[in-house]
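Here are my notes on this one, with a couple of spots to look at in the viewer. Have the structure open as you read.

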Amino acid sequence: THEVRTPLATIRTMTKLILKRKDLPPEVSRRLEMIDTECTEQINRMELIFKATELETQPIKDHSLNLTAMSLSQILHSSIPRWQKRAAKYNLTLDVSVPQKLPNVVSNPAMLDQVLSGLIENFTRTLNSGSHIQVEVNLAGDRLKMQVQYHNNIPNDSAINPLGFAPNSKSLGQLLMLQPETGSLSLNLNVTKNLFQALGGKLIVRQRPEQGEIMTIFLPLHFQSIT
């Protein structure tokens, strides 16, 4: 991951420096911003794989990430426009339903943002053009529930599995899964579940007949003690 992140970080730094110039044509600025976005996404992906590797090689008792009371609303407020922009890039639509007021949850803000963004990215990279992604956030007892599902634009098409957890996915080592049909890489289900456990939460993935996967994330509310 270091060998990938370092050159990308250099490119991103140089891009940001050039973007500070006032005499850039609009088209040049737009393309530089695209480069900056792509570099950032790849760096975040490498950091996520690195953190997953680190967690998988630690004793179970050490699987924690400095959990603290945090505002999920703030993360969603900054992430939703980015998710929608990426969905639009692949001719998809993405809607997020969030209550006006949400209590704080217990997790790690930076890492939770990376993990959630990684899952949304897997959806956007593998769904058919014209499909719709729906994200719903609600309270579920003493936990916060976040559910992600999609509506395929080809009703009679066979079920697809954007998260790469389907049996036809191929394992690459102990961490990654490859979807041969799309070439998409993702962390495997067990590793992803371990990440959410380290973040204080829980991930459940269910298969729906002829529709594919539905993902549900649970996070503890802030008044719970961290154990």
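1. Let's start with Gln114, which is buried, with a relative accessible area of 18%; buried means under 20% and exposed over 50%, with partly exposed in between (1.4 Å probe, protein chains only). Bear in mind that this is a predicted model, where local features need pLDDT of at least 70, side-chain atom pairs count only at pLDDT 80 or more, and totals for chains, interfaces and linings use all residues. Numbering runs from 1 along each chain as its sequence is written, and side-chain values use heavy atoms, with hydrogens and water left out.

2. Gln114 sits in helix α4 (helices are DSSP runs of H or I, at least four residues, numbered from the N terminus). Setting aside neighbours within four places in sequence, Gln114 is in contact (heavy atoms within 4.5 Å) with Asn44, Glu47 and Leu48.

3. Now for the helix pair: the axes of α2 (residues 26–56) and α4 (residues 109–126) come within 10 Å and cross at roughly 115°. Those axes are lines fitted to C-alpha atoms over the stretch in contact, and angles run from 0 to 180 degrees between N-to-C directions. On the α2 side, the contact residues are Asn44, Arg45, Glu47, Leu48 and Lys51; α4 brings Met111, Gln114, Val115, Glu121 and Arg125.

4. Over in α5 (residues 189–198), Val191, Thr192, Leu195, Phe196 and Ala198 are buried. They line one face of the helix, because down the axis of α5 they fall within an arc of 160° (taken from the directions from the helix axis to the C-beta atoms). Exposed Asn190 and Gln197 are on the face turned away from the buried side.

5. Last, what follows α5? Gly200 does, with a positive phi near 90°.

Note on methods: Helix = DSSP H or I, 4+ residues; strand = E, 2+ residues; numbered from the N terminus.
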